[in-house]
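Try each task before reading its solution.

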Amino acid sequence: MEIIEGAEAYLRHLSEVRRLSPATVRAYRADLAGLALACGDIDLAVVDLDNLREWLWQAVQRGDSRATIARRTAAVRGFFAWATETGVVPTDPSLRLVAPKRGRTLPKVATAEALDGVLERLEAAAAEGDPLALRDHAMLELLYGAALRVSELCGLDVDDLDRDRRTARVLGKGSKERVVPFGVPALRAVDAYLVRGRSALLARRAGDPVASALFLGARGGRVGPRAVYDLVSRELGPELGAHVGPHALRHSAATHLLDGGADLRAVQEILGHASLGTTQIYTHVSSERLAASYRLAHPRA
């Protein structure tokens with residue numbers, strides 16, 4: 001079996017059996033296509049450790065980040081582990097492949113005051129009654145209020161919201177379902193959008209209506225991640241002084257929860273992290289903010 005053929009079988013396994021996200025499968029597809037390009041589409045059994053090291057060295061020479069190289073190492077390790085388990089290759093050449101350590105970068109976090117300003121501005125725009133302004137306000141309130149991933153927000157259906165309990169049922173990574181709470185401001189924004197905005201957007205749909213989708217695009221179909229990215233970048237980018245995406249709201253929500261005294265385990269459940277270690281990065285963010293406040297305020301700092 002050659003590399004490309006084996007890669008497609010492995011990617012089907014990731015998608016259908018392990019239920020990894022489409023974004024992860026796309027990234028691994030690109031990584032394994034790069035391996036095939038570097039080695040030539042040779043038989044998998046012929047690939048050895050030197051081939052793999054040369055492939056990663058080429059990535060270093062191109063200036064790829066350590067995070068990208070670490071992901072490529074993970075992709076090829078998983079690929080050859082699967083190929084060994086299924087008998088496609090007799091031995092795993094990736095066992096001695098060493099990945100560079102990822103540099104820890106703290107996520108960009110907006111202050112609660114900055115987010116209040118952004119959301120108040122969106123609320124004022126929504127009060128004019130424009131359907132897209134109503135939607136945009138509701139989307140950002142829910143992204144921040146429930147600490148959602150962009151895919152989770154875009155995948156929400158109307159029936160996924162329990163407005164009495166103020167909870168949303170979301171489908172996270174690995175198709176894992178969880179129920180997350182959200183606050184009164186998000187409920188008010190969503191209610192205003194449902195009453196005055198969503199039906200107007202639904203009427204713009206040329207084909208069959210998408211009656212189940214909560215958030216709709218300008219043409220009446222289910223809203224896509226690109227539209228949410230553009231919205232967050234436009235509204236939150238000036239506050240953080242950088243190009244940011246929807247994850248900045250999730251980072252901010254997690255940090256503000258911990259700053260407010262929330263239990264780390266509770267934050268893990270809200271975020272849908274499989275490992276507590278993933279959630280612990282936000283304790284570092286809070287510690288950094290505490291240290292910065294100390295340095296600014298204490299006369300003996």
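**Exercise 1.** Along strand S3 (residues 177-181), which side chains point to one face and are buried, and which point to the other?

Solution. This is a predicted model. Now go along S3. Arg178 and Val180 share one face, and they are buried.

**Exercise 2.** Find the partner of S3 and describe the pairing.

Solution. Step one: the partner is strand S2 (residues 167-171), and the sense is antiparallel. Step two: five bridges join S2 and S3. Step four: look at the connection. S2 and S3 form a hairpin with five residues between them. In the turn, Gly174 has a positive phi of about 65 degrees.

**Exercise 3.** Check the length of helix H1 (residues 3-16), then say what its buried residues pack against.

Solution. H1 has 14 residues. At 1.5 Å a residue, the span should be 20 Å. The end C-alpha atoms are 20 Å apart, so the two values agree. Next, list the buried positions: Ile3, Gly6, Ala7, Ala9, Tyr10, Leu11 and Leu14. These buried residues pack against helix H2 (22-39) and helix H4 (66-85).

**Exercise 4.** Are Cys39 and Cys154 buried or exposed, and how many disulfides does the whole structure hold?

Solution. The cut-off for buried is under 20% relative accessible area. Cys39 has 18% relative accessibility, so Cys39 counts as buried. Cys154, at 6%, is buried too. A search of the whole structure for disulfides finds zero.

Notes
Residues numbered from 1 in each chain as written. Predicted model: local features only at pLDDT ≥ 70, side-chain atom pairs only at ≥ 80, totals over all residues. Heavy atoms only, no water. Buried < 20%, exposed > 50% of the residue type's maximum accessible area, 1.4 Å probe, protein only. Helix = DSSP H or I, 4+ residues; strand = E, 2+ residues; numbered from the N terminus. Pairing = 2+ DSSP bridges. Disulfide = S-S within 2.5 Å. Expected span 1.5 Å × (residues − 1). Contact = heavy atoms within 4.5 Å.
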